[in-house]
Amino acid sequence: MAVPEDPPVRVRIAPSPTGFAHLGTASTALYNVLFARQTAGTFVLRIDDTDMERNRPEYEALIYESLRWLALDWDEGPDKGGPHAPYRQSERVDIYREEAARLIKEGHAYRCYCTPEELEAERRQAQAEKRAYKYSRRCLTNPPEGRSVFAVRFQVPGGEIRFTDMVRGEMRFDADLIGDFIIVKSDGYPTYQFASPVDDARMEITHVIRGEEHLSNTPYQLMLVDALGYPRPQAYAHMPLILARDGAKMSKRKHPELNLAIYREQGYLPEALLNYLALLGWNPGTEQEIFSFDELLQSFSFDRVQHGGARFDWEKLNWINGEYIRRLSDDELARRVQPFVSQLDADTIRRAVPALKTRLHKLADAVGYLDYLWTDPPAPSLDEETSLRVRAAADALKPVAWEPEPIESALEKAVLESGVSKGRFYNPLRDVLTGKKVALPIHYAFALLPKDKALSRLERAA
RNA sequence: GGCCCGUUCGUCUAGUGGACCAGGACGCCGGCCUUUCAAGCCGGAGAUCACGGGUUCGAAUCCCGUACGGGCUACCA
C-alpha cells in the first residue's frame, strides 16, 4: 500500500480514560496494530484526557493493562515516551492554546461569550422553526459587552470536504451545513474535535484508523487541519461499530461485554478474543475462521472490512475460545488454568488437563469441574441396592494403583459383576464423589482426588 | 429536523449482472460414539437477498424512492 516516497506509516489510538477499558478500544487497537505491522509503521498510544470531569489516572492504567494483556503493544506512548512526547493530552494544553491563539489571530477562530443557556435557546428556536441548527455567529458579528468567560469557536469556511476512506472509498461532505463549533472550552481545555487533529498532525499520523462514530467528525477535523496549515493525513479508515446482541449500542450498565477486564476474568484467551474481534466486521473472503496473529497480518486488508455495525455474539466467541483451548499443549493449558483454580497444586491441575481440555469454553469453566476436589459434596441418601453397589465399587478400588487406567479397569470389572448397566452403576458414584450430575469421566474424577478421600466419600455414603 | 453510514439464514458473513431456486461459520435439531457432559464424525432445518419501482434478454448484485437501524449534529470523547 505504501509507495516509496510516502513518509513512514504512523497510526494511533487515542482512548479516553473515563471508565473501564472498552471492547471497542481493543478492536480499534487491533486494526491499528495490524496496519502498522503490515507497513513496518509505528503505532502510537495517546491518552485523550481532556474531559476534566471524568478522567481518572486509574482508568488510564486499565487501558495499559488490557492492551498489554492482548499483546497489542505500542511503540510510543505516555509510559514509553517518543519523539512527539508528551502523549497525554492534558500535558499538551499549551500546544492547543497556542494553536487556538494562532487561529484567532489569523481570523479562523473567535472568542464566544455565549452562555450555555443562550445557546440552548438558539437551538430550541431552530428546532421550533424546523430549521437545521447552526450557531448564529453572534459573537463573531456582534459580541456581547462586558463578559469575561469565553470559549473559542472555529469559523467554519464551508465548501466541500473530500477525503479517502480505506474502507468506504472517496467521501464527500458539505461543510456549509456545519456551524461554527467550539474548539476550546471555557475551562481552557480543548475539545476532542480540536485536540485530536492537532495531535494527529503534530505527531505526523499518516493514517487515522478509528470507529465509525467518527466518520461524520472527519470534515470538522479536516477544516481545522487546513486552517492550521498542516498536511492532511493520507487516509482514514472508519471501522464498523460493535453492537450489542439486540442490535443496540452497547451501554456500560446493560452490556458487561463492553468491559475488557471480564474477558480475562472469565478465562478467554487473549489470542482468541483478537481472532473473534478480527472476524467481527472483517472477513478474509475464504472459509478460514481461526487465525493466528501472523495469519491475520498476512490476510487483513481494509477493503474487506464491513461497512455496517456487527453484533457481539458470546456463542461464537465461546466456540473460538474453545478451539484455542483445544489447540494448547497440555502443559500450556495447565499453566493458564492455574490462576482459576488456585486451591489446587500444579500437579493435580496437570493431571486434570487431558480430561478438561475438550470441555472448556473458557478457563473459568474448570472451576465447575474441579471444585469437588476442595469442597466436600453433601452425601446423597441412597437406596439399599445402590448402597450395595457403591460399597462394591469401594471394595474394588481399594487395592488399585491410583491412576485413571487401573481405576477404570477395576470399575469396569465391578460393573460387570454388578449385572447393571454402566449408567446405573456410575451415576450414583459420580454423585457421591462430586455432588454433580455433570463431571469429568468417572475414572478421572476418582484419580484426581486423593485415594483415601475418595474412598471415604464412598464409604460415608454407603 | 439536517447530514452521513448501513440493511443476505437467529448471529457473523460469502456474493461486485448469468456458474445462486444464494455458499461457509456459530448456534439449533437428529444420528453415531459414549458412564454424565463435552470433543469428534455424519446428516438436517433455517434467507420471499428490508420493501416498492426502474434499467437489462437476465439483478442479492446497477439506479431511484420508502421503511427500519446506527452515527454525527455538545463548552463528551
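**Exercises on helices, burial and ring pairs**

Helix α9 (residues 270-279) is mostly covered, with nine of its ten residues buried, where buried means under 20% relative accessible area, exposed over 50% and partly exposed in between, for a 1.4 Å probe and protein chains only. The model is predicted, so local features need pLDDT of at least 70 and side-chain atom pairs count only at pLDDT 80 or more, while totals for chains, interfaces and linings use all residues. Residues are numbered from 1 along each chain as its sequence is written, chains are lettered from A and ligands numbered from 1 in the order in which they are written, and side-chain values use heavy atoms, with hydrogens and water left out.

**Exercise 1.** Identify the buried residues of α9, and state what glycine 281 does just after this helix.

*Solution.* Helices are DSSP runs of H or I with at least four residues, numbered from the N terminus. In α9 the buried residues are Pro270, Ala272, Leu273, Leu274, Asn275, Tyr276, Leu277, Ala278 and Leu279. Just after the helix, glycine 281 adopts a positive phi of about 105 degrees.

**Exercise 2.** Describe how α15 and α16 cross, and name the residues that meet.

*Solution.* Begin with the axes, which are lines fitted to C-alpha atoms over the stretch in contact, with angles running from 0 to 180 degrees between N-to-C directions. Those of α15 (residues 384-397) and α16 (residues 404-418) come within 9 Å and cross at roughly 140 degrees. That makes α15 oblique to α16, since angles under 35 degrees count as roughly parallel, over 145 as roughly antiparallel, 65 to 115 as roughly perpendicular and the rest as oblique. Next, take contact to mean heavy atoms within 4.5 Å: Arg389, Ala393, Ala396 and Leu397 of α15 then meet Ile407, Ala410, Leu411, Ala414 and Ser418 of α16.

**Exercise 3.** Classify the ring pair of phenylalanine 425 and tyrosine 426, and decide whether each residue is buried or exposed.

*Solution.* Rings of Phe, Tyr and Trp (its six-membered ring) pair if their centres lie within 6.5 Å, and planes under 30 degrees apart count as stacked, over 60 as edge-to-face and the rest as tilted. The structure holds 19 aromatic pairs. For phenylalanine 425 and tyrosine 426 the ring centres are 6.0 Å apart and the planes lie at 80 degrees, so the pair is edge-to-face. Phenylalanine 425, at 3% relative accessibility, counts as buried, and tyrosine 426, at 11%, also counts as buried. Elsewhere, ring pairs link Tyr31, Phe35, Trp282, Phe291, Phe300 and Phe302 into a cluster.

How values were computed: Helix = DSSP H or I, 4+ residues; strand = E, 2+ residues; numbered from the N terminus.
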